[in-house]
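This report sets out the architecture and selected packing features of one protein model. The sequence and structure are shown first.

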Amino acid sequence: MAVHVLLFPWPVQGHINPMLHLASALLDAGLRVTFLHTEHNLRHLAGAPHDQRLRVLSVPDGLPDDHPRSVSGLMELFESMRTAGCAAFRALLRAEAEVTCVVADGTMPFAVAAAQEAGVPALAFRTESACGFLCYLSVPRLVELGELVPSDVEPVRGVPGMEGFLRRCDLPRVAPSSDTDPVPVLLAVAGTAARCAEEPQAVILNTAASMEAETVARIASRVRGEVFTVGPLHAMHHRHAAGAEEVEPDDDDDGGCAAWLDGHADRSVVYLNLGSLTILSAEQLAELLNGVAAAGYPFLCVLRADMVSSDGGPQASDVLRLREAAGERALLVEWAAHRDVHRALRHRAVGCFLTHAGWNSVLEAAVAGVPMVCWPYFADQQTVSRFVGAVWKTGLDMKGVLDGAVVARMVREAMEDPGIRAAAQAMANQLRMDVAPGGSSASHMERLVGFINNLSAGKDQSRDDVRNSSPAA
């Protein structure tokens with residue numbers, strides 16, 4: 001039977017995108033790949049580009065279609081996926097007899113368990129940074145030491161290898177817009193990390209050894225199976241997809257960003273994008289935009305209509321008002337899920353990226369060699385932001401209260417500091433070598449494909465054993 005891999009991402013944009021890049025890499029290696037969306041996402045991402053070679057299926061996530069599936073509802077989504085979503089996944093596995101291997105998002109260890117119970121070997125793909133994953137693995141120790149105090153700048157002792165620079169405020173945290181008690185939520189996420197260390201045959205990380213070698217080594221010492229570092233996956237995808245210089249889409253697909261950037265000098269523009277989940281108050285967004293404007297550089301800002309909150313909930317009118325007030329030096333465009341939102345980072349005019357430090361965004365900037373100013377919102381963004389400023393020195397860590405004067409100062413520093421720019425360019429050069437043939441990430445991808453082939457070759461007998469022993473078979 002031919003190798004047939006089923007990929008099942010956690011159903012939010014920041015997890016779907018790297019899983020799609022992994023799908024393309026596996027397809028390039030000659031494997032058959034099925035991508036499993038939730039029915040809700042498949043409907044709402046209908047306009048999103050998919051590799052034409054990719055087979056797409058869907059399962060229900062168990063929530064009503066009008067559920068916001070935003071940061072405040074992520075635990076509801078997790079519970080619904082664990083129950084209704086997992087039941088649908090089990091039924092799909094019974095129907096899809098040709099599937100020889102499952103790669104499930106590490107946020108959903110129940111999907112790994114369901115696949116293995118069905119006799120299908122399963123791997124976990126942790127889409128966050130390795131440093132974030134190690135912090136999640138360390139949460140029980142952090143609780144024991146009393147170090148989960150998000151506003152505290154005391155150094156952390158509970159994360160091995162990070163004692164010299166990580167502070168309590170740099171640990172992963174629950175979104176500040178959530179009313180949920182943060183410790184139980186962190187313990188739930190830590191539970192998924194612990195199960196990833198114990199249950200799947202391997203863990204896949206979207207990182208490169210050159211970025212997080214020591215952290216990856218510590219993870220490998222705690223994980224039962226193999227660990228594959230195959231990132232940055234988007235750069236490997238672009239290398240395979242292009243073969244030659246990448247062709248940019250028409251301007252009407254990017255809100256006019258490319259045409260606007262073309263009119264500016266090299267490294268003269270600040271790019272601001274806070275991702276698909278960050279929520280700010282109108283006052284915070286005003287401080288952010290006013291600070292960027294005060295820095296004195298033209299700026300490109302991507303805004304979501306639902307990213308501004310007030311006591312009454314998200315207010316699109318606040319975003320529109322701020323857009324009008326931004327002035328002629330700024331281009332403000334609306335977020336669109338189908339766009340390659342970070343294509344701007346690959347434009348010669350962009351000199352600095354003001355980001356929420358989401359791992360996908362940081363990897364995009366790292367490969368492009370663009371200095372960063374990081375204002376992290378939640379999850380491992382806190383830790384990644386610290387690594388950007390204190391370890392890699394490819395940007396600045398601006399976590400904490402948003403103040404326009406601080407924003408202006410940090411943007412100027414990121415735009416003008418030759419040391420930051422040199423560090424960013426050196427990292428970009430290394431990462432491009434990592435994903436090139438013979439590089440560390442490319443070699444890990446080859447090993448991963450071989451590993452999946454070997455697992456799939458032994459799958460038939462294990463699935464037969466499960467069918468013969470299961471009373472539900």
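## Aromatic pairs

Two rings of Phe, Tyr or Trp, the last represented by its six-membered ring, form a pair if their centres lie within 6.5 Å. In this predicted model, a search of the whole structure returns 9 aromatic pairs. One of them joins Phe 387 and Trp 392, whose ring centres are 5.4 Å apart and whose planes make an angle of 55 degrees.

## Overall composition

The protein chain contains 18 helices and 15 strands. Of its 473 residues, 56% are buried. Among contacts in the chain with a separation of 6 or more, 69% are between residues 24 or more positions apart.

## The seven-stranded sheet

An open sheet is formed by 7 strands in the order E3-E2-E1-E4-E5-E6-E7, with parallel pairing. Its edges are strand E3 (55–59) and strand E7 (226–229), each of which pairs on one side only. From one strand to the next, the twist averages 25 degrees.

Within this sheet, strand E4 (residues 101–105) pairs with strand E5 (residues 122–126) in the parallel sense over 4 bridges. Ala 104 has Ala 124 of E5 as its bridge partner.

## Helices packed on the sheet

Helix H1 (residues 13–28) packs on the sheet and touches strand E1 (4–8), strand E2 (32–38), E4, E5 and strand E6 (202–205). The direction of H1 makes about 165 degrees with that of E2. The two directions are therefore roughly antiparallel, a description that applies to angles over 145 degrees.

Helix H17 (residues 440–457) also packs on the sheet, where E1, E4, E5, E6 and E7 are touched. The angle between the directions of H17 and E7 is about 140 degrees.

## The H15–H16 contact

Which angle do helix H15 and helix H16 make where they pack? Helix H15 (residues 404–416) and helix H16 (residues 418–435) pack at about 60 degrees, with their axes 6 Å apart. The two helices are therefore oblique to each other.

On the H15 side, the contact is made by Glu 413, Ala 414, Met 415 and Glu 416, and on the H16 side by Pro 418, Ile 420 and Arg 421. These contact residues comprise 4 nonpolar and 3 charged, with no polar residues.

Key
Residues are numbered from 1 along each chain as its sequence is written. This is a predicted model: local features need pLDDT of at least 70, side-chain atom pairs count only at pLDDT 80 or more; totals for chains, interfaces and linings use all residues. Side-chain values use heavy atoms; hydrogens and water are left out. Axes are lines fitted to C-alpha atoms, for helices over the stretch in contact, and angles run from 0 to 180 degrees between N-to-C directions. Angles under 35 degrees count as roughly parallel, over 145 as roughly antiparallel, 65 to 115 as roughly perpendicular and the rest as oblique. Contact means heavy atoms within 4.5 Å. Ala, Val, Leu, Ile, Met, Phe, Trp, Tyr, Cys and Pro count as nonpolar, Asp, Glu, Lys and Arg as charged, and the others, Gly among them, as polar. Two strands pair if DSSP finds at least two bridges between them. Rings of Phe, Tyr and Trp (its six-membered ring) pair if their centres lie within 6.5 Å; planes under 30 degrees apart count as stacked, over 60 as edge-to-face and the rest as tilted. Buried means under 20% relative accessible area, exposed over 50%, partly exposed in between (1.4 Å probe, protein chains only).
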